[in-house]
Amino acid sequence: MKRVVVVGGSIAGLTAAEALRAGGFDGRLTMLSEELHLPYSRVPLSKGVLAGREPLESASLPAPSEGIEFRAGVRATGLDIERRTVTFGDGETEPYDGLVIATGARARRLPDTEAGAAFAVRTLDDAAMLRARLPGANSVIVLGGGFLGMEVASTCRALGLDVTAVDRVPPLRRLVGPWLARLVMDAARDHGVKFRLAGDGVAVIDQQTVRLGGTVLTADVIVSAVGDEPNVSWLHDSGLPLGAGVVADDCCRVVPGVAAAGDVVARDGVRNPHWTNAIEQGRAAATALLHGDAAEPYRPNPYFWTEQFGLNIKISGQLPTVGDPTILAGSVEDRSLLLRWNHGGPPTAVAINHRIAVDRLKLHGAGAPHKSSSSASRHRETHVERCPDAGG
């Protein structure tokens, strides 16, 4: 290969580009990013950045290494896999010998919601706009009870706002299982968060009003954290296999000469938009381009992290958990715990306000961690950003 193009300025795209260089690729390497920012982490956007404790710049990842051409503000609009070219907004094309698709995902919008009626927390600009709005607000409605929604609710409550969290089912239950969800909800209630279930769905009426069935709720700010959708519209006429996202094999290959990584990828019909997954798939995509059929298969090693309502939660293994856990250390009363679930396969280990190295937690859970060589993955501990169905 003489020329590789990485489409997407995400952590997955940056990791793939750095891994290509680390793996010996010495040809032209170009990253195309639709956003105007250099690569950044989404992890702090719902926490310290949103709260104003950390500057926007704190989310920045290390800049792409010398020898990686980074082009911001470039939106891919098409792909021709026969001619091996990427087309972007003004009709210009970029040729490639190898391509990494890392266009990530965008915030899902509720049906019939007018633009601007509800804030999202997906991009750095999203976080900046919401952060600027919160000081003048007294109340917030958060739509979506996933990790992201609950993190936003926690941040807003810590700022002193009246917070109501809304979801179709009890928050986090679908993601982590009922035992963990109940513990987090108890902590949220202790912090003053109110919960409303919307089994019949939610409609955003305007910037301050939502309807839950026959009930109308109002607040100064409405935040929508109802999941994300893969950015694949530019690929619809490409001939690539698309399902829940870009369909990739065990080595993150899509078709010859094309690999994919991060939130845009679907494997076995499922997307797994996590920070750890993005980094590991970024490396796997680079390896697939460099080594072809000799590339090692990508083996997921699930690790998740969230912080909300005074709980620092680290999870190693598959979710959701089923049944009650074995308590290895600590107590429920103190909300300081080391837990393990046995599902009949690899176990899931969870640390809640329990000091334990990630490597040791993984030994209790799904397995030992993979070593990381990229500067992007060394930027922070392997914390996860999760937005698959209702947030974080």
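Which residue's side chain has a polar atom 2.9 Å from the backbone nitrogen of Gly-145?

Reply: It is Asp-167: a polar atom of its side chain lies 2.9 Å from the backbone nitrogen of Gly-145. That is a polar contact (a pair of N or O atoms within 3.5 Å; within protein, one must be able to donate a hydrogen and the other to accept it, and residues adjacent in sequence count only if both atoms are side-chain atoms). The model is predicted, so local features need pLDDT of at least 70 and side-chain atom pairs count only at pLDDT 80 or more, while totals for chains, interfaces and linings use all residues. Residues are numbered from 1 along each chain as its sequence is written, and side-chain values use heavy atoms, with hydrogens and water left out.

Asp-167 sits in strand β10, residues 162-167. Helices (H or I, at least four residues) and strands (E, at least two) are DSSP runs, numbered from the N terminus. Asp-167 counts as buried because its relative accessibility is 11%. Buried means under 20% relative accessible area, exposed over 50%, and partly exposed in between (1.4 Å probe, protein chains only).

Follow the chain past β10. Leu-172 is in the loop between β10 and α5 (173-176). Leu-172 is not a glycine, yet its phi is positive, about 70°. Leu-172 is buried, because its relative accessible area is 3%.

Next comes helix α6. Trp-179 of α6 (residues 178-190) pairs with Trp-341 of strand β24 (residues 336-341), so the link joins distant parts of the chain, 162 residues apart. The two rings are edge-to-face, 5.8 Å centre to centre, with 75° between the planes. Rings of Phe, Tyr and Trp (its six-membered ring) pair if their centres lie within 6.5 Å; planes under 30 degrees apart are stacked, over 60 edge-to-face, the rest tilted. The count is 1 aromatic pair. Trp-179 and Trp-341 are both buried.

Compare Asp-268, in the loop between β20 (265-266) and α7. Asp-268 also has a positive phi, near 55°, and is not a glycine. Asp-268 counts as exposed because its relative accessibility is 73%.

Two loop positions round out the backbone. A cis peptide bond joins Leu-319 and Pro-320, with omega about -5°. Pro-320 is in the loop between β22 (311-316) and β23 (326-331). Gly-67 lies in the loop between α2 (48-51) and β3 (69-72). Gly-67 counts as partly exposed because its relative accessibility is 42%.

Now the wider setting. The largest pocket is lined by 42 residues; Glu-35, Arg-42, Thr-103, Ala-105 and Asn-231 lie nearest its centre. On a 1 Å grid over the protein atoms alone, a pocket is an open set with protein on both sides within 12 Å along at least five of seven lines, and lining residues have an atom within 4 Å of a point. Elements giving two or more residues to this lining are α1 (11-22), β2 (28-33), β8 (105-107), α3 (124-133) and α7 (275-291). The largest share, 3 residues, comes from β8.

Notes
1 Å grid on protein atoms, 1.4 Å probe; cavity = no way out; pocket = protein on both sides within 12 Å on 5 of 7 lines; lining within 4 Å.
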